[in-house]
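My entries follow in the order in which I checked them.

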Amino acid sequence: MGGDVAAGEAAPGEVAAEGKHVSHASRTHVITHLPGDGVGPEVTEVARACVDAVAPRHDFHVDWRSCSLGGKHYLATGEVLPDAALEELRRSDAVLLGAVGTPDVPPGVLERGLLLRLRFELDLYVNLRPSKLRAGVGSAVGKHELSDLDFVIVRENTEGLYAGAGGTVHRGTEFETATEESLNTWAGVRRCVRYASQLAQARSGRLTLVHKTNVLTHAGDLWARIARDVAAEDGVELSYAHVDAACLWMVDDPRRFDVIVTDNLFGDIISDLGAALTGGLGYAASGNLNPDRTGPSIFEPVHGSAPDIAGQGLANPAGAVLSASLMLAHLGEDAAAAELDAAVSSVLAAGEPGTTGEWEKELLGQLANGGTS
Ligand code: IPM
Ligand code: MN
């Protein structure tokens, strides 16, 4: 932790220290800010300001670094994730990521080359995606009470259909064949289910496995056996839903769910549904976690770079601030994390601000008195 690198020493594209002031706080967290493209810089600036606003009250200090990777950087340099930048990122305690992607970068370059590579290299095997309905936001389904909708999706984040297994043969002929294989290892599934089961212990004691065991019988059987064993060991109540039925119940009867554990692609899909049910992607937070802490975890709003509204001051920073809240909790700053979460709820309850600047003003106003007015 901490670091003595002087400001501006790193070359563009590498991680640069921003250390400006000496702090006397008892704890220092080295956090790399990777703003990325589109609305990423706008929303993460607000999240950063919120973190810095609560830090002194909780006796910690953030040694912010910055990293310029993303679509703009790729177009300017051809670099997606240079090894040197990855090594610098490994030296942080956490990474706050805005969003990467610009319309002129071909699909897959940044998704596989940057986002997924980071998830794999840093062993970010859990993608934590909470869905909580807050007062003041409209659910895509108007009928839910606030208390009906508060669940967390634990998405496996390094295996499944995202692992990159498969390929294309006979390309360009009428027999061209494309395969994508879902990889599910006993150890990889088990560690993800273990994380979810312990999260369930800390919440309601209820865990739901979401899969498609009636069709994906090989992977489904592995997931089901592991979930049964781990839930029994941890003393949590396990239920099961096929992924199609889970979508229906998330809309119709979300009280069924508290902690959901699922594979990589199912988790990707159902977490967007969870976002739609809780106000939209603008409010959706995520943490790509390395629960074993062998490297930094990455926190990012789920909304993407939204190039259509970038640079207009219209982006909703709630997803970024809530991601920063997950980051603070992961760093052990639970009280500060709770303040960021409460501040978002308070601002929403008072009437959603229309611009990024108003959001920031309202959030900082709330945080001046601990997140709740
Ligand atoms: C997400 C995104 C990513 C994913 C893409 C951009 C690679 O959709 O974080 O949910 O599929 O995981
Ligand atoms: Mn997604």
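I took helices (H or I, at least four residues) and strands (E, at least two) as DSSP runs, numbered from the N terminus. On that basis I find 11 helices and 13 strands in the protein.

Ground rules next. This is a predicted model, in which local features need pLDDT of at least 70 and side-chain atom pairs count only at pLDDT 80 or more, while totals for chains, interfaces and linings use all residues. Residues are numbered from 1 along each chain as its sequence is written, chains are lettered from A and ligands numbered from 1 in the order in which they are written, and side-chain values use heavy atoms, with hydrogens and water left out.

Overall dimensions. I looked up the radius of gyration, taken over C-alpha atoms, against the globule rule of 2.2 Å times the number of residues to the power 0.38. The protein has 21 Å, which agrees with the value near 21 Å for a compact globule of 373 residues. Its C-alpha atoms fill a box of roughly 55 × 50 × 40 Å along the principal axes.

Burial. I call a residue buried under 20% relative accessible area, exposed over 50% and partly exposed in between (1.4 Å probe, protein chains only). Buried residues account for 50% of the 373.

Cores. A nonpolar core here is a set of buried Ala, Val, Leu, Ile, Met, Phe, Trp, Tyr and Cys residues joined through side-chain atoms within 4.5 Å. The largest one has 76 residues, and Val51, Val154, Val261, Met327, Leu340 and Leu363 touch the most other members. Helix α9 (residues 318–330) gives the most to this core, eight residues. Another core, of 20 residues, lies apart from it and includes Leu115, Leu118, Leu122 and Ile298.

Contacts, meaning heavy atoms within 4.5 Å. I listed those of Val154, leaving aside neighbours within four places in sequence, and found among them Val126, Leu128, Cys192, Tyr195, Leu199 and Val261. For the protein, of the contacts between residues at least 6 apart in sequence, 77% join residues at least 24 apart.

Most residues other than glycine have a negative phi. Asp123 has a positive phi, near 55°, and sits in the loop between α4 (109–121) and β5 (126–132). I record Asp123 as partly exposed because its relative accessibility is 24%. Arg293, also not a glycine, has a positive phi of about 60° and belongs to the loop between β12 (285–289) and β13 (297–301). At 52% relative accessibility, Arg293 counts as exposed.
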